[in-house]
Amino acid sequence: MHCESCIKHIVPIAASLALMACGSSKTENKEAQAPTPAQTLIERLDSVSRTGHFYFGHHDDTAYGHTWRYVDGASDVKAVTGAYPGLMSWDLGLIEVDSAKNLDGVPFEFIASQIAAQDARGGINAISWHPINPVSRGNSWDVSTAPLSMLESDKALSDTLDAWISRAAGFIASLKDADGNPIPVIFRPWHENSGSWFWWGKEHGTSAQYIDLWKRTRSGFDKIGVNNVVWAYSPDKDLTPEEYFSTYPGDEYVDILGTDIYQFDGEEGTAQYVDRIKSQLPFVVDEARKRGKVAAFTETGLEGLEIDDWYTRVLQSAIKDLPIAYVCVWRNAIESEKPNHFYVPYPGHPAEADFKKFAESSGAIFVK
Ligand code: BMA
């Protein structure tokens, strides 16, 4: 108890360094070679997951909330708990076509500035990517064509995708702190591929084609020498270990083993949600340990948060004792644009008190 509460709000990097210092010979063996920004972040995530703590994450946290947009320093999480989430998640969708704003209207320049601000306050950043379908040009959910099955034979398509990947890589490589040092970020491309709602999903290509997409992505990043990326793999729910690993790109391509599992159907869906977590996250955690990787609950939440004690009674109990580095919930869309599309309470919401309790008692890391 005392331990949890004293670690909760210390600047996480200091905690990680302390843990590294008491830990392994791993760092000493690297002689004088400084770890890359990515290695430093992996070490930090690994250390935290071994202490019973995890970063609490929220998508687009400081870009907009239930009733506001681009208010300097604002955050629904902070408005309720007094601190920012330990992890903020952002999305690169539409960077591939050189748009100034992402698919949810957030300017990339603003995202870069928020990533720097989160890094400066000792927090962590994660990035997903919802690129458009490179053949039919609809959004990520446009599955009217199957680009993965065409890539091998279509040179123009393969060139297009490589150009898109290098734009994403260029953005991530450009993320710098105030001293000009690269900011390490978690990158989680081609997520939820075990479902078929995205054009890179299960029914729109073979496992081998999906794995090739990862390798292509990785080589596009390597080409420009990006050293600040921690790679996260995150298929969706209801998978056996065999299914989970059937599209796994390989230990040399992945740093974080993640999974995305949401709750549906309000209170009625609670038992199913908890079962889904319990049948998947434990093997993800075990495999991560065996492979020297970090485990994370990369996306989750209950849209509209209609259960007032969801955070403590459902989420906290379901992940208790699982050594995961972070848990990330999705965005609080502005009410007038997407009513009921929010995952953390805002001031005045009935789940406020319970969310505060979760922040204080679950081991979740928030940053001041
Ligand atoms: C979905 C919804 C969409 C959004 C997309 C990408 O889950 O939130 O409104 O465009 O994620 O952020």
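**Stop one: T81**

Select T81. Leaving aside neighbours within four places in sequence, T81 is in contact with F355, K356, A359 and F366; contact means heavy atoms within 4.5 Å. This is a predicted model, in which local features need pLDDT of at least 70 and side-chain atom pairs count only at pLDDT 80 or more, while totals for chains, interfaces and linings use all residues. Residues are numbered from 1 along each chain as its sequence is written, and side-chain values use heavy atoms, with hydrogens and water left out.

T81 lies in helix α5 (residues 76–81). Helices (H or I, at least four residues) and strands (E, at least two) are DSSP runs, numbered from the N terminus.

Is T81 buried, partly exposed or exposed? It is partly exposed, because its relative accessible area is 22%. Buried means under 20% relative accessible area, exposed over 50%, and partly exposed in between (1.4 Å probe, protein chains only).

**Stop two: R121**

Go to the loop between α6 (108–120) and β4 (124–128), where R121 lies. R121 is buried yet has no salt bridge. A salt bridge is a side-chain nitrogen of Lys or Arg within 4 Å of a carboxyl oxygen of Asp or Glu. The nearest side chain of opposite charge is D61, 6.4 Å away. For charges, Lys and Arg count as positive and Asp and Glu as negative; His and the chain ends are not counted.

What does R121 have around it? Its side chain makes a polar contact with the side chain of Q118 (2.8 Å). A polar contact is a pair of N or O atoms within 3.5 Å; within protein, one must be able to donate a hydrogen and the other to accept it, and residues adjacent in sequence count only if both atoms are side-chain atoms. Beyond its neighbours within four places in sequence, R121 is in contact with Y84, M88, V367 and K368. Show the ring of Y84: R121 lies over its face, at 3.8 Å from the ring centre. A charge sits over a ring if NZ of Lys or CZ of Arg is within 6 Å of the ring centre and within 35 degrees of the ring normal.

**Stop three: D354**

Select D354 in helix α13 (residues 352–361). D354 is buried and has no salt bridge; K357, the nearest side chain of opposite charge, is 4.8 Å away. The side chain of D354 makes a polar contact with that of T312 (2.4 Å). Setting aside neighbours within four places in sequence, D354 is in contact with D308, D309, W310, Y311 and T312.

**Stop four: aromatic pairs**

Rings of Phe, Tyr and Trp (its six-membered ring) pair if their centres lie within 6.5 Å; planes under 30 degrees apart count as stacked, over 60 as edge-to-face and the rest as tilted. By this rule the count comes to 32 aromatic pairs. Select W129 and F187, a tilted pair with 6.4 Å centre to centre and 35° between the planes. The pair links distant parts of the chain: W129 is in the loop between β4 and α7 (147–150), F187 is in strand β5 (residues 185–188), and they are 58 residues apart. Both W129 and F187 are buried.

Next, select F245 and Y248. This pair is edge-to-face, 5.1 Å centre to centre with 85° between the planes.

**Stop five: salt bridges**

How many salt bridges does the structure hold? It holds 18. Start with D159 and K155, whose side chains meet at 2.9 Å, N to O. Both lie in helix α8 (residues 155–173), four residues apart, about one turn of the helix.

Then select R276 and D238, joined by a salt bridge of 3.0 Å, N to O. This pair links distant parts of the chain: R276 is in helix α11 (residues 270–291), D238 is in the loop between β6 (229–233) and α10 (241–246), and they are 38 residues apart. R276 counts as buried because its relative accessible area is 13%.

End on D251, E287, K290 and R291, which are linked in a network of salt bridges.
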